[in-house]
Amino acid sequence: MFNFFDELKKNMQKLEKLENFNLINLSNKIIYVEGHRGLVTLSKDIVAFKIKGGRVVVEGQDLFLVELSENTIKISGVIKKVESF
Amino acid sequence: MLGETYFLIKGLNVEKNLNVLAKEIPIYEIRRIEKNLTSFKVPYKWRGQTKKKLEGLGYNIVEEKNYGFLPKFLQIFLNFGAIFAILLAFILYFFQSPYILQYEILGTNTLSEKEIVEFIKDNFSQNKNNLTLSDIENSLYQNFSEISFVSVIVKGQTLIVNLKEKLLPEEIYGEFSPIYSNFDGKIKEINLISGISQVSVGEYVNKGDVLVEPFYLDSEGNLQKVEADAEITMEVYRSAEITHFDTRIERVRTGDFCVMDEIKLFGLTIYENSSNCDFALSESVVENRDLVKNNLLPFKLQRTIIYELEEKVVNESFESAKEKIIENAREIALENCQDCATIIDEFFTINHQSGSTTLKYTIVEEILQK
């Protein structure tokens, strides 16, 4: 089965530390995250979640989680900013 | 997805508990509506577990809704269970309605209801479409002599047999034919059961004579039909005659013979071995034998043995052959007996004529005719 992130990593093997988490932003409307360590904040304007060694904050409007599982998060809404700490 | 459940919960610190929940249950469309109000969806099959966990975590479930085919189907099934049951009953009724499930026998007095039901079950189908009621009626009437009237109807899934047993004596219902004599003989005893006797004790009758007529006289002197029934004991005479000639010509075998063999297959002669037989007088004996035991090629041997005969003049007086003649005549007479155990008398008469003597041996047999 084709996995976007696996394919991307194969092509960029020179870079290190790619195992932490994967995040993809689709047209600022959907964010898909693999490898999160837990939801921290959920509101219409901010969604924050932990990652290995930090946390990611997504800011926007009418945000909600399309899907939440132990390892993945799918965030939908009008995404304005994604910050990683 | 067959169905999903929407939860609206009230409580704080949702993020932490959603993480716990997400480890076991897939969660969709999570929205923070207000600070203490959060909504999400879970698959329908996980609703029970989710609810239990939320209550365990101290959340107040404000709203719970089910979506999709499975919840609706289950809801309809639970809410309209009575309708389902009625539909099911209709379906079951539709499939089993063509069959007879119950038997009801009316009007039995001496007959057993069980016996009649078993007779119908054994001889007729339980499918109403394959039943011909007139056949059941005829069959019951013919097989149960106690029945004088029977009618059969099907009402719903019940087969109702309405019958009337005979009230009059059995002899009233018979075939109205007279009793004929089966033998030539003398009437010894008559035990009349029903009908009018046409013979009396001591009377000689011939075979075919009417013994009892199928009538009786009622109180007004009219002839009424009734089954002729009587026990008539007859003395029947069985006779055999042998004529003895003092001088006679007998043909005896000389001892010469010749053999002719034919081998046949399917009736066609395929081999023949014949010798010349120029006998003036002869008699032949034919034997057939199978040459092989299988039926593939059924070869058969037909052997004809021709014996030469000669004529001899025999002079023998009646007195010298008397015992032998009596014995032979008795054997012939015994062959005509119906039941030799009922022999009550036997005798013989001798009639001498010029050159010949006729011996007539008679056995008197007692026969009970019904």
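Me: Among contacts in chain B between residues at least 6 apart in sequence, what percentage join residues at least 24 apart?
Reply: The model is a predicted one. In it, chain B holds seven helices and 21 strands. Counting contacts in chain B between residues at least 6 apart in sequence, the share that joins residues at least 24 apart is 63%.

Me: What is the corresponding percentage for chain A, again among contacts between residues at least 6 apart in sequence?
Reply: Chain A has one helix and six strands. Along the sequence these elements follow the pattern α-β-β-β-β-β-β. Among contacts in chain A between residues at least 6 apart, those joining residues at least 24 apart make up 35%.

Me: What percentage of the residues of chain B is buried?
Reply: A residue counts as buried here if 20 or more other C-beta atoms lie within 10 Å of its own. For chain A, with 85 residues, the buried share is 24%. For chain B, with 370 residues, the buried share is 14%.

Me: Which element gives the most to the side of chain B that touches chain A?
Reply: The contact involves 13 residues of chain B and 14 residues of chain A. On the chain B side, α1 (14-22) and β2 (27-34) each supply at least two residues. By class, that side has seven nonpolar, one polar and five charged residues. With six residues, the element that gives the most to it is β2(B).

Me: Which residue of β2(B) is the bridge partner of A:E67?
Reply: Strand β5 (residues 54-68) of chain A is joined to β2(B) by three bridges, and the two strands run antiparallel. Within β2(B), the residue that bridges to A:E67 is B:Y28.

Me: Which element gives the most residues to the largest nonpolar core?
Reply: This core has 28 residues, and those touching the most other members are A:V58, A:L65, A:L68, A:I75, B:L18, B:I27 and B:I30. For A:I75, leaving aside residues up to four places away in sequence, the residues touched are A:I30, A:I31, A:V47, A:V58, A:L63 and A:L65. Another core, of nine residues, lies apart from the largest one and includes B:V152, B:L159, B:V161 and B:L163.

Me: Which strands stand at the edges of the open sheet of five strands in chain B, and why is one side of each left without a neighbour?
Reply: The sheet has the order β11-β9-β15-β21-β20, with antiparallel pairing. Each edge strand has a single partner strand, so one of its sides has no neighbour in the sheet. The strands in this position in chain B are β11 (204-205) and β20 (343-353).

Me: Which residue of β15(B) is the bridge partner of B:I190?
Reply: Strand β9 (residues 185-194) of chain B is joined to β11(B) by two bridges, in an antiparallel run. On that side, B:G185 has B:V205 as its bridge partner in β11(B). β9(B) also pairs with β15 (residues 229-245) of chain B in the antiparallel sense, over eight bridges. In β15(B), the bridge partner of B:I190 is B:I232.

Me: At which residue does α7(B) bend by about 35 degrees?
Reply: Helix α7 (residues 318-335) of chain B has 18 residues. From its first C-alpha to its last α7(B) reaches 24 Å, close to the 26 Å expected at 1.5 Å a residue. The bend of about 35 degrees in α7(B) is at B:K324.

Note on methods:
Residues are numbered from 1 along each chain as its sequence is written. Chains are lettered from A and ligands numbered from 1 in the order in which they are written. This is a predicted model: local features need pLDDT of at least 70, side-chain atom pairs count only at pLDDT 80 or more; totals for chains, interfaces and linings use all residues. Two strands pair if DSSP finds at least two bridges between them. Helices (H or I, at least four residues) and strands (E, at least two) are DSSP runs, numbered from the N terminus. Two residues are in contact if their C-beta atoms, placed from the backbone, lie within 7 Å. Ala, Val, Leu, Ile, Met, Phe, Trp, Tyr, Cys and Pro count as nonpolar, Asp, Glu, Lys and Arg as charged, and the others, Gly among them, as polar. The expected span of a helix is 1.5 Å times one less than its number of residues. The bend at a residue is the angle between axes fitted to the seven residues ending there and the seven starting there. A nonpolar core is a set of buried Ala, Val, Leu, Ile, Met, Phe, Trp, Tyr and Cys residues joined through C-beta atoms within 7 Å. A residue is buried if 20 or more other C-beta atoms lie within 10 Å of its own, exposed if 12 or fewer, and partly exposed in between; C-beta atoms are placed from the backbone.
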